[in-house]
Number of protein chains: 2
Amino acid sequence: MVAYDGTNYCGWQVQPNGITIEEVLNRSLTELLREPVTVTGASRTDSGVHALGNIAVFDSETRIPGEKISYALNQRLPDDIIIRESREVEADFHPRRCVSRKTYCYRILNSRFPIPTERLYSYFVYNPLQEELMAEAASYLIGEHDFKSFCSARSQVIDTTRIIYGIKVERSGEAITIRITGSGFLYNMVRIIAGTLIKVGLGSMQPLRVKEILEKKNRAFAGPKAPAQGLTLEKIEYINKIY
Amino acid sequence: MVAYDGTNYCGWQVQPNGITIEEVLNRSLTELLREPVTVTGASRTDSGVHALGNIAVFDSETRIPGEKISYALNQRLPDDIIIRESREVEADFHPRRCVSRKTYCYRILNSRFPIPTERLYSYFVYNPLQEELMAEAASYLIGEHDFKSFCSARSQVIDTTRIIYGIKVERSGEAITIRITGSGFLYNMVRIIAGTLIKVGLGSMQPLRVKEILEKKNRAFAGPKAPAQGLTLEKIEYINKIY
(Lines give C-alpha, C1' and ligand atoms only; values in the text may rest on other atoms or scores of the structure.)
Protein backbone atom coordinates (compact mmCIF):
# COMPACT_ATOMS: atom_id res chain seq x y z
CA MET A 1 0.00 0.00 0.00
CA VAL A 2 1.55 3.24 -1.18
CA ALA A 3 0.86 6.89 -0.34
CA TYR A 4 2.22 9.75 -2.40
CA ASP A 5 2.15 13.44 -3.07
CA GLY A 6 1.52 13.51 -6.82
CA THR A 7 2.68 17.11 -7.29
CA ASN A 8 6.08 16.30 -8.73
CA TYR A 9 5.09 13.28 -10.82
CA CYS A 10 3.58 12.71 -14.25
CA GLY A 11 1.06 10.39 -12.65
CA TRP A 12 1.35 6.70 -11.88
CA GLN A 13 2.04 5.02 -15.17
CA VAL A 14 5.48 4.87 -16.78
CA GLN A 15 5.63 7.26 -19.73
CA PRO A 16 8.32 8.96 -21.77
CA ASN A 17 7.62 12.59 -20.83
CA GLY A 18 8.55 12.59 -17.17
CA ILE A 19 9.05 10.70 -13.98
CA THR A 20 6.17 8.65 -12.60
CA ILE A 21 5.36 6.88 -9.33
CA GLU A 22 5.45 3.46 -11.01
CA GLU A 23 8.90 4.18 -12.43
CA VAL A 24 10.30 5.22 -9.04
CA LEU A 25 8.86 2.06 -7.44
CA ASN A 26 10.24 -0.17 -10.19
CA ARG A 27 13.68 1.38 -9.93
CA SER A 28 13.82 1.32 -6.11
CA LEU A 29 12.55 -2.27 -5.91
CA THR A 30 14.95 -3.44 -8.62
CA GLU A 31 17.85 -1.92 -6.66
CA LEU A 32 16.65 -3.27 -3.32
CA LEU A 33 15.89 -6.82 -4.47
CA ARG A 34 18.68 -7.03 -7.08
CA GLU A 35 16.39 -8.48 -9.68
CA PRO A 36 14.26 -6.76 -12.33
CA VAL A 37 10.96 -5.75 -10.73
CA THR A 38 7.87 -4.33 -12.43
CA VAL A 39 4.92 -3.35 -10.28
CA THR A 40 1.26 -3.51 -11.26
CA GLY A 41 -0.81 -0.72 -9.75
CA ALA A 42 -4.47 -0.79 -8.77
CA SER A 43 -5.16 2.77 -9.80
CA ARG A 44 -3.19 4.58 -12.50
CA THR A 45 -3.66 8.05 -11.09
CA ASP A 46 -3.18 11.10 -13.30
CA SER A 47 -0.43 13.70 -13.09
CA GLY A 48 -0.83 15.79 -9.93
CA VAL A 49 -3.28 13.39 -8.27
CA HIS A 50 -2.37 12.20 -4.75
CA ALA A 51 -2.87 8.90 -2.95
CA LEU A 52 -3.19 7.77 0.62
CA GLY A 53 -3.68 4.13 -0.24
CA ASN A 54 -2.93 2.96 -3.76
CA ILE A 55 -2.01 -0.72 -4.14
CA ALA A 56 0.86 -2.19 -6.16
CA VAL A 57 1.97 -5.80 -6.52
CA PHE A 58 5.04 -7.44 -8.05
CA ASP A 59 6.66 -10.85 -8.47
CA SER A 60 9.96 -11.55 -6.81
CA GLU A 61 12.32 -14.37 -5.88
CA THR A 62 13.49 -12.49 -2.80
CA ARG A 63 13.84 -14.10 0.61
CA ILE A 64 13.04 -10.83 2.35
CA PRO A 65 9.71 -11.38 4.15
CA GLY A 66 6.84 -9.41 2.60
CA GLU A 67 6.20 -7.35 5.74
CA LYS A 68 9.81 -6.15 5.84
CA ILE A 69 9.92 -4.80 2.31
CA SER A 70 8.09 -1.58 3.23
CA TYR A 71 10.80 -0.61 5.74
CA ALA A 72 13.69 -1.34 3.40
CA LEU A 73 11.99 0.36 0.48
CA ASN A 74 11.08 3.50 2.42
CA GLN A 75 14.81 4.05 3.05
CA ARG A 76 15.29 4.34 -0.69
CA LEU A 77 12.21 6.29 -1.70
CA PRO A 78 12.02 10.09 -1.96
CA ASP A 79 10.00 11.69 0.84
CA ASP A 80 6.93 12.24 -1.33
CA ILE A 81 6.34 8.48 -1.74
CA ILE A 82 5.78 6.22 1.28
CA ILE A 83 5.02 2.52 1.51
CA ARG A 84 2.48 2.23 4.31
CA GLU A 85 2.45 -1.53 4.40
CA SER A 86 3.73 -4.52 2.42
CA ARG A 87 2.89 -8.19 2.48
CA GLU A 88 2.92 -11.33 0.40
CA VAL A 89 -0.28 -11.93 -1.58
CA GLU A 90 -1.68 -14.94 -3.42
CA ALA A 91 -0.19 -15.50 -6.85
CA ASP A 92 -3.53 -14.90 -8.60
CA PHE A 93 -4.16 -11.54 -6.96
CA HIS A 94 -4.37 -8.80 -9.58
CA PRO A 95 -4.99 -5.33 -8.16
CA ARG A 96 -7.12 -4.15 -11.09
CA ARG A 97 -8.96 -7.37 -11.94
CA CYS A 98 -9.97 -8.41 -8.43
CA VAL A 99 -13.27 -6.90 -7.27
CA SER A 100 -12.75 -3.82 -5.18
CA ARG A 101 -14.27 -0.65 -3.81
CA LYS A 102 -12.27 2.50 -4.30
CA THR A 103 -12.69 5.71 -2.35
CA TYR A 104 -11.57 9.03 -3.79
CA CYS A 105 -11.75 12.40 -2.10
CA TYR A 106 -11.94 15.69 -3.99
CA ARG A 107 -11.02 18.74 -1.92
CA ILE A 108 -12.18 22.30 -2.67
CA LEU A 109 -11.02 25.45 -0.91
CA ASN A 110 -13.99 27.81 -1.01
CA SER A 111 -12.64 31.02 0.45
CA ARG A 112 -12.21 34.71 -0.23
CA PHE A 113 -8.56 34.21 -1.21
CA PRO A 114 -6.37 31.24 -2.08
CA ILE A 115 -4.20 29.83 0.72
CA PRO A 116 -0.65 29.14 -0.52
CA THR A 117 -0.18 26.01 1.61
CA GLU A 118 -3.40 24.54 0.15
CA ARG A 119 -2.61 25.21 -3.50
CA LEU A 120 -1.17 21.77 -4.25
CA TYR A 121 -3.89 19.81 -2.42
CA SER A 122 -7.17 21.53 -3.22
CA TYR A 123 -9.00 23.42 -5.94
CA PHE A 124 -9.60 27.05 -5.07
CA VAL A 125 -13.12 28.32 -5.78
CA TYR A 126 -13.77 31.97 -4.93
CA ASN A 127 -17.53 32.20 -5.36
CA PRO A 128 -19.58 30.71 -2.51
CA LEU A 129 -20.60 27.11 -3.02
CA GLN A 130 -23.89 25.79 -1.64
CA GLU A 131 -22.92 22.37 -0.39
CA GLU A 132 -26.53 21.26 0.18
CA LEU A 133 -27.23 21.65 -3.53
CA MET A 134 -24.07 19.71 -4.32
CA ALA A 135 -25.13 16.94 -1.93
CA GLU A 136 -28.56 16.73 -3.56
CA ALA A 137 -27.03 16.54 -7.04
CA ALA A 138 -24.58 13.90 -5.84
CA SER A 139 -27.40 11.71 -4.52
CA TYR A 140 -28.65 11.12 -8.09
CA LEU A 141 -25.34 9.49 -8.97
CA ILE A 142 -25.56 6.80 -6.29
CA GLY A 143 -26.28 3.30 -7.57
CA GLU A 144 -25.52 1.43 -10.77
CA HIS A 145 -25.52 3.71 -13.80
CA ASP A 146 -23.98 4.14 -17.19
CA PHE A 147 -21.50 6.94 -16.45
CA LYS A 148 -20.60 7.63 -20.08
CA SER A 149 -21.43 11.33 -19.60
CA PHE A 150 -18.86 11.47 -16.78
CA CYS A 151 -16.06 9.82 -18.69
CA SER A 152 -13.38 11.56 -20.71
CA ALA A 153 -14.42 11.44 -24.39
CA ARG A 154 -10.89 10.18 -25.16
CA SER A 155 -11.50 6.95 -23.24
CA GLN A 156 -11.92 3.77 -25.25
CA VAL A 157 -13.60 1.71 -22.54
CA ILE A 158 -16.68 -0.06 -23.91
CA ASP A 159 -18.63 -0.87 -20.78
CA THR A 160 -19.17 2.45 -19.01
CA THR A 161 -21.47 1.09 -16.31
CA ARG A 162 -20.19 1.46 -12.76
CA ILE A 163 -21.65 1.36 -9.26
CA ILE A 164 -21.32 4.31 -6.91
CA TYR A 165 -21.92 3.10 -3.36
CA GLY A 166 -21.92 6.53 -1.81
CA ILE A 167 -21.02 10.20 -2.25
CA LYS A 168 -20.67 12.56 0.68
CA VAL A 169 -20.34 16.30 0.25
CA GLU A 170 -19.17 17.95 3.46
CA ARG A 171 -18.10 21.42 4.46
CA SER A 172 -15.65 22.10 7.26
CA GLY A 173 -15.07 25.83 7.40
CA GLU A 174 -13.70 26.88 4.04
CA ALA A 175 -12.95 23.33 2.88
CA ILE A 176 -15.50 21.27 0.98
CA THR A 177 -14.79 17.61 0.39
CA ILE A 178 -16.55 15.27 -2.03
CA ARG A 179 -15.87 11.68 -0.99
CA ILE A 180 -16.93 8.99 -3.48
CA THR A 181 -16.86 5.23 -3.07
CA GLY A 182 -17.46 3.07 -6.10
CA SER A 183 -16.85 -0.26 -7.80
CA GLY A 184 -14.40 1.41 -10.13
CA PHE A 185 -14.11 4.67 -11.99
CA LEU A 186 -13.88 5.63 -15.63
CA TYR A 187 -11.14 7.86 -16.96
CA ASN A 188 -11.44 11.30 -15.28
CA MET A 189 -14.81 10.29 -13.80
CA VAL A 190 -14.23 11.66 -10.29
CA ARG A 191 -12.87 14.96 -11.61
CA ILE A 192 -15.80 15.37 -14.03
CA ILE A 193 -18.25 14.59 -11.22
CA ALA A 194 -16.46 17.16 -9.01
CA GLY A 195 -16.55 19.76 -11.78
CA THR A 196 -20.26 19.13 -12.32
CA LEU A 197 -21.08 19.34 -8.61
CA ILE A 198 -19.15 22.61 -8.40
CA LYS A 199 -21.34 24.02 -11.18
CA VAL A 200 -24.37 22.99 -9.13
CA GLY A 201 -22.87 24.49 -5.96
CA LEU A 202 -22.31 27.80 -7.75
CA GLY A 203 -25.98 27.87 -8.70
CA SER A 204 -25.35 27.65 -12.42
CA MET A 205 -26.91 24.20 -12.73
CA GLN A 206 -29.99 22.70 -11.02
CA PRO A 207 -29.24 19.61 -8.90
CA LEU A 208 -31.82 17.58 -10.84
CA ARG A 209 -29.90 18.25 -14.08
CA VAL A 210 -27.39 15.62 -12.97
CA LYS A 211 -30.05 12.96 -13.49
CA GLU A 212 -30.61 14.14 -17.06
CA ILE A 213 -26.89 14.26 -17.72
CA LEU A 214 -26.62 10.59 -16.78
CA GLU A 215 -29.40 9.76 -19.25
CA LYS A 216 -27.77 11.68 -22.09
CA LYS A 217 -24.72 9.38 -22.08
CA ASN A 218 -22.70 12.16 -23.63
CA ARG A 219 -19.68 13.84 -22.06
CA ALA A 220 -20.66 17.22 -23.51
CA PHE A 221 -23.55 17.60 -21.06
CA ALA A 222 -21.56 17.23 -17.84
CA GLY A 223 -19.53 20.00 -16.20
CA PRO A 224 -15.82 20.64 -16.73
CA LYS A 225 -13.13 18.36 -15.37
CA ALA A 226 -11.95 19.75 -12.02
CA PRO A 227 -8.16 20.12 -11.68
CA ALA A 228 -5.97 17.21 -10.60
CA GLN A 229 -4.46 18.65 -7.42
CA GLY A 230 -7.77 18.45 -5.51
CA LEU A 231 -7.99 14.68 -5.98
CA THR A 232 -6.71 11.98 -3.62
CA LEU A 233 -7.20 8.23 -3.94
CA GLU A 234 -7.95 7.44 -0.31
CA LYS A 235 -8.36 3.67 -0.21
CA ILE A 236 -9.02 0.48 -2.08
CA GLU A 237 -10.83 -2.41 -0.40
CA TYR A 238 -10.81 -5.83 -1.99
CA ILE A 239 -14.06 -7.69 -1.58
CA ASN A 240 -13.24 -11.36 -2.19
CA LYS A 241 -9.53 -11.44 -1.65
CA ILE A 242 -8.18 -10.56 1.73
CA TYR A 243 -5.32 -8.38 0.71
CA MET B 1 -1.57 41.19 4.74
CA VAL B 2 0.44 38.40 3.16
CA ALA B 3 0.05 34.60 3.17
CA TYR B 4 2.79 32.26 2.03
CA ASP B 5 4.00 28.71 1.82
CA GLY B 6 7.46 29.00 3.38
CA THR B 7 8.75 25.70 1.95
CA ASN B 8 10.81 27.21 -0.85
CA TYR B 9 12.12 30.27 1.02
CA CYS B 10 14.96 30.99 3.42
CA GLY B 11 12.46 32.68 5.72
CA TRP B 12 11.22 36.25 5.68
CA GLN B 13 14.26 38.41 6.08
CA VAL B 14 16.59 39.30 3.20
CA GLN B 15 19.83 37.34 3.52
CA PRO B 16 22.71 36.36 1.25
CA ASN B 17 22.18 32.57 1.23
CA GLY B 18 18.92 32.27 -0.59
CA ILE B 19 15.67 33.80 -1.66
CA THR B 20 13.34 35.19 1.01
CA ILE B 21 9.74 36.40 1.17
CA GLU B 22 10.83 39.97 1.93
CA GLU B 23 13.12 39.97 -1.11
CA VAL B 24 10.36 38.77 -3.44
CA LEU B 25 7.99 41.44 -2.09
CA ASN B 26 10.62 44.19 -2.43
CA ARG B 27 11.41 43.19 -5.98
CA SER B 28 7.77 42.81 -7.09
CA LEU B 29 6.71 46.09 -5.48
CA THR B 30 9.69 47.95 -6.94
CA GLU B 31 8.74 46.69 -10.41
CA LEU B 32 5.04 47.42 -9.95
CA LEU B 33 5.39 50.90 -8.48
CA ARG B 34 8.51 51.87 -10.46
CA GLU B 35 10.26 53.26 -7.41
CA PRO B 36 12.55 51.54 -4.92
CA VAL B 37 10.42 49.84 -2.28
CA THR B 38 11.54 48.16 0.95
CA VAL B 39 8.93 46.46 3.08
CA THR B 40 8.98 46.17 6.86
CA GLY B 41 7.48 42.93 8.13
CA ALA B 42 5.67 42.30 11.39
CA SER B 43 7.06 38.82 11.88
CA ARG B 44 10.40 37.68 10.47
CA THR B 45 9.48 34.04 10.12
CA ASP B 46 12.21 31.40 9.84
CA SER B 47 13.07 29.26 6.84
CA GLY B 48 10.26 26.77 6.15
CA VAL B 49 7.70 28.52 8.37
CA HIS B 50 4.38 29.42 6.74
CA ALA B 51 1.99 32.35 7.17
CA LEU B 52 -1.68 32.97 6.68
CA GLY B 53 -1.55 36.57 7.84
CA ASN B 54 1.82 38.25 8.15
CA ILE B 55 1.83 42.05 7.82
CA ALA B 56 4.22 44.18 5.79
CA VAL B 57 4.25 47.94 5.26
CA PHE B 58 6.19 50.23 2.92
CA ASP B 59 6.44 53.88 1.90
CA SER B 60 5.50 54.90 -1.60
CA GLU B 61 4.73 57.93 -3.73
CA THR B 62 2.35 55.91 -5.88
CA ARG B 63 -1.09 57.12 -6.89
CA ILE B 64 -2.44 53.57 -6.99
CA PRO B 65 -5.03 53.37 -4.18
CA GLY B 66 -3.89 51.16 -1.29
CA GLU B 67 -6.75 48.67 -1.74
CA LYS B 68 -5.79 48.06 -5.39
CA ILE B 69 -2.19 47.16 -4.76
CA SER B 70 -3.00 43.61 -3.64
CA TYR B 71 -4.62 42.79 -7.00
CA ALA B 72 -1.81 44.24 -9.08
CA LEU B 73 0.86 42.66 -6.92
CA ASN B 74 -0.73 39.20 -6.93
CA GLN B 75 -0.35 39.19 -10.72
CA ARG B 76 3.40 39.42 -10.27
CA LEU B 77 3.93 37.15 -7.29
CA PRO B 78 4.74 33.43 -7.51
CA ASP B 79 1.84 31.19 -6.48
CA ASP B 80 3.28 30.44 -3.05
CA ILE B 81 2.93 34.08 -1.93
CA ILE B 82 -0.44 35.84 -1.89
CA ILE B 83 -1.42 39.32 -0.76
CA ARG B 84 -4.76 38.86 1.00
CA GLU B 85 -5.43 42.54 1.46
CA SER B 86 -3.69 45.89 1.11
CA ARG B 87 -4.53 49.36 2.35
CA GLU B 88 -3.01 52.69 3.26
CA VAL B 89 -1.98 53.00 6.90
CA GLU B 90 -1.05 55.94 9.10
CA ALA B 91 2.50 57.16 8.63
CA ASP B 92 3.49 56.26 12.19
CA PHE B 93 2.31 52.66 11.96
CA HIS B 94 5.20 50.26 12.49
CA PRO B 95 4.25 46.58 12.30
CA ARG B 96 6.75 45.47 14.96
CA ARG B 97 6.62 48.45 17.34
CA CYS B 98 2.85 48.86 17.53
CA VAL B 99 1.19 46.73 20.21
CA SER B 100 -0.20 43.52 18.77
CA ARG B 101 -1.37 40.00 19.49
CA LYS B 102 0.06 37.29 17.32
CA THR B 103 -1.41 33.85 16.82
CA TYR B 104 0.76 30.95 15.71
CA CYS B 105 -0.37 27.41 15.03
CA TYR B 106 1.91 24.39 15.30
CA ARG B 107 0.63 21.30 13.51
CA ILE B 108 1.63 17.71 14.36
CA LEU B 109 0.71 14.60 12.41
CA ASN B 110 0.47 11.82 15.00
CA SER B 111 -0.11 8.73 12.93
CA ARG B 112 1.22 5.25 12.23
CA PHE B 113 2.94 6.44 9.06
CA PRO B 114 3.84 9.80 7.55
CA ILE B 115 1.45 11.19 4.93
CA PRO B 116 3.37 12.56 1.92
CA THR B 117 0.94 15.45 1.31
CA GLU B 118 1.36 16.57 4.95
CA ARG B 119 5.15 16.47 5.07
CA LEU B 120 5.66 20.17 4.29
CA TYR B 121 2.97 21.44 6.66
CA SER B 122 3.22 19.33 9.80
CA TYR B 123 5.69 17.52 12.03
CA PHE B 124 5.28 13.75 11.93
CA VAL B 125 5.33 12.05 15.33
CA TYR B 126 4.94 8.27 15.28
CA ASN B 127 4.50 7.50 18.97
CA PRO B 128 1.05 8.27 20.39
CA LEU B 129 0.71 11.72 21.93
CA GLN B 130 -1.60 12.32 24.88
CA GLU B 131 -3.10 15.67 24.06
CA GLU B 132 -4.68 16.11 27.53
CA LEU B 133 -1.22 16.08 29.10
CA MET B 134 -0.02 18.57 26.50
CA ALA B 135 -3.00 20.83 27.25
CA GLU B 136 -2.28 20.68 30.98
CA ALA B 137 1.39 21.53 30.44
CA ALA B 138 0.41 24.37 28.10
CA SER B 139 -1.86 25.90 30.73
CA TYR B 140 1.18 26.72 32.92
CA LEU B 141 2.54 28.95 30.17
CA ILE B 142 -0.50 31.22 30.03
CA GLY B 143 0.00 34.69 31.49
CA GLU B 144 2.96 37.05 31.81
CA HIS B 145 6.23 35.16 32.29
CA ASP B 146 9.91 35.41 31.65
CA PHE B 147 10.21 32.97 28.73
CA LYS B 148 14.02 32.87 28.73
CA SER B 149 13.94 29.05 28.92
CA PHE B 150 11.88 28.97 25.74
CA CYS B 151 14.11 31.27 23.73
CA SER B 152 16.96 30.23 21.47
CA ALA B 153 20.22 30.63 23.41
CA ARG B 154 21.57 32.52 20.36
CA SER B 155 19.08 35.35 20.87
CA GLN B 156 20.41 38.65 22.18
CA VAL B 157 17.11 40.07 23.38
CA ILE B 158 17.42 41.49 26.90
CA ASP B 159 13.82 41.59 28.06
CA THR B 160 12.52 38.05 27.71
CA THR B 161 9.17 38.70 29.38
CA ARG B 162 6.13 38.09 27.20
CA ILE B 163 2.41 37.54 27.72
CA ILE B 164 0.69 34.42 26.44
CA TYR B 165 -3.05 35.05 26.24
CA GLY B 166 -3.99 31.52 25.42
CA ILE B 167 -2.78 28.14 24.23
CA LYS B 168 -5.13 25.51 22.84
CA VAL B 169 -4.06 21.94 22.17
CA GLU B 170 -6.60 20.13 20.02
CA ARG B 171 -6.76 16.79 18.32
CA SER B 172 -8.77 16.17 15.17
CA GLY B 173 -8.17 12.59 14.10
CA GLU B 174 -4.45 12.18 13.53
CA ALA B 175 -3.73 15.92 13.55
CA ILE B 176 -2.83 17.76 16.74
CA THR B 177 -2.66 21.53 16.66
CA ILE B 178 -1.13 23.84 19.24
CA ARG B 179 -2.54 27.34 18.78
CA ILE B 180 -0.82 30.11 20.76
CA THR B 181 -1.79 33.76 21.05
CA GLY B 182 0.65 36.14 22.68
CA SER B 183 1.89 39.71 22.93
CA GLY B 184 4.97 38.74 21.00
CA PHE B 185 7.33 35.81 20.78
CA LEU B 186 11.03 35.35 21.38
CA TYR B 187 13.31 33.77 18.80
CA ASN B 188 12.16 30.15 18.25
CA MET B 189 9.78 30.42 21.22
CA VAL B 190 6.77 28.74 19.60
CA ARG B 191 8.88 25.89 18.23
CA ILE B 192 10.57 25.31 21.60
CA ILE B 193 7.17 25.34 23.33
CA ALA B 194 5.89 22.85 20.74
CA GLY B 195 8.95 20.62 21.21
CA THR B 196 8.46 20.71 24.99
CA LEU B 197 4.74 19.93 24.78
CA ILE B 198 5.51 17.00 22.47
CA LYS B 199 7.88 15.61 25.12
CA VAL B 200 5.04 15.89 27.63
CA GLY B 201 2.60 14.28 25.19
CA LEU B 202 4.96 11.34 24.71
CA GLY B 203 5.00 10.81 28.46
CA SER B 204 8.70 11.58 28.84
CA MET B 205 8.07 14.76 30.85
CA GLN B 206 5.47 15.52 33.53
CA PRO B 207 3.13 18.41 32.65
CA LEU B 208 4.06 20.22 35.85
CA ARG B 209 7.72 20.27 34.78
CA VAL B 210 6.84 23.09 32.39
CA LYS B 211 6.29 25.35 35.42
CA GLU B 212 9.77 24.53 36.71
CA ILE B 213 11.31 25.09 33.29
CA LEU B 214 9.88 28.63 33.25
CA GLU B 215 11.46 29.28 36.66
CA LYS B 216 14.89 28.01 35.58
CA LYS B 217 15.22 30.75 32.96
CA ASN B 218 17.64 28.52 31.07
CA ARG B 219 17.13 27.18 27.56
CA ALA B 220 18.81 23.88 28.47
CA PHE B 221 15.83 22.75 30.56
CA ALA B 222 13.16 23.05 27.87
CA GLY B 223 12.51 20.46 25.17
CA PRO B 224 13.99 20.48 21.67
CA LYS B 225 12.96 22.98 19.01
CA ALA B 226 10.25 21.39 16.86
CA PRO B 227 10.89 21.58 13.09
CA ALA B 228 9.92 24.64 11.07
CA GLN B 229 7.45 23.09 8.65
CA GLY B 230 4.80 22.54 11.36
CA LEU B 231 4.60 26.25 12.14
CA THR B 232 2.21 28.81 10.64
CA LEU B 233 1.81 32.44 11.63
CA GLU B 234 -1.97 32.66 11.52
CA LYS B 235 -2.75 36.26 12.36
CA ILE B 236 -1.63 39.53 13.88
CA GLU B 237 -4.11 41.85 15.54
CA TYR B 238 -3.11 45.42 16.35
CA ILE B 239 -4.59 46.66 19.58
CA ASN B 240 -4.41 50.46 19.36
CA LYS B 241 -4.04 51.01 15.67
CA ILE B 242 -6.79 49.92 13.41
CA TYR B 243 -4.79 48.38 10.66
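Predicted model: local features only at pLDDT ≥ 70, side-chain atom pairs only at ≥ 80, totals over all residues.

1. A:R209 has a partner to look at. Its side chain meets that of A:E212 in a salt bridge, at 3.8 Å from N to O.

2. A:E131 and A:R171 form a salt bridge whose closest N and O atoms are 3.0 Å apart. This pair links distant parts of the chain, 40 residues apart: A:E131 belongs to helix α3 (residues 131-139) and A:R171 to strand β9 (residues 161-172) of chain A. A:R171 is partly exposed, with a relative accessible area of 32%.

3. Now the two domains of chain A. The domain assignment gives domain 1 (2-83) and domain 2 (100-238), and their centres, taken over C-alpha atoms, are 27 Å apart. Domain 1 of chain A brings 15 residues to the contact and domain 2 of chain A brings 16 residues. Together they bury about 1,200 Å², with 54% of that from carbon and sulfur atoms. I would also note 12 residue pairs in polar contact between these domains.

4. Which salt bridge crosses between domain 1 and domain 2 of chain A? The rule finds one across that interface, and the side chains of A:R191 and A:D46 meet in a salt bridge at 3.2 Å, N to O.

5. Turning to the two chains, 18 residues of chain B are in contact with 18 residues of chain A. The area buried between the chains is about 1,600 Å², and 72% of it lies on carbon and sulfur atoms. B:F113, B:P116 and B:R119 supply 34% of what chain B buries against chain A, more than any other three residues.

6. Four salt bridges are counted between chain B and chain A, along with four residue pairs in polar contact. On the side of chain B that touches chain A, β1 (2-4) and β3 (50-54) of chain B are the elements giving two or more residues. A:D5 and B:R119 meet through their side chains in a salt bridge of 2.8 Å, N to O.

7. One more pair, in chain B: B:R87 and B:E85 form a salt bridge with closest N and O atoms 2.6 Å apart. B:R87 is partly exposed at 36%, and B:E85 at 29%. Elsewhere, salt bridges that share partners join A:D5, A:D79 and B:R119 into one network.

8. The largest nonpolar core has 64 residues, and B:I81, B:I108, B:M134, B:L141, B:F150 and B:I178 have the most contacts inside it. Helix α4 (residues 189-201) of chain B gives the most to this core, with eight residues. At least three residues come from each of domain 1 (2-83) and domain 2 (101-238) of chain B. Another core, of 63 residues, lies apart from it and includes A:W12, A:V125, A:L141 and A:L197.

Terms used:
Residues numbered from 1 in each chain as written. Chains lettered and ligands numbered in written order. Heavy atoms only, no water. Core = buried A, V, L, I, M, F, W, Y, C linked by side-chain atoms within 4.5 Å. Buried < 20%, exposed > 50% of the residue type's maximum accessible area, 1.4 Å probe, protein only. Helix = DSSP H or I, 4+ residues; strand = E, 2+ residues; numbered from the N terminus. Domains from an automatic or database assignment. Contact = heavy atoms within 4.5 Å. Buried area = accessible area lost by both parts, 1.4 Å probe. Polar contact = N/O pair within 3.5 Å; in protein donor to acceptor, adjacent residues only side chain to side chain.
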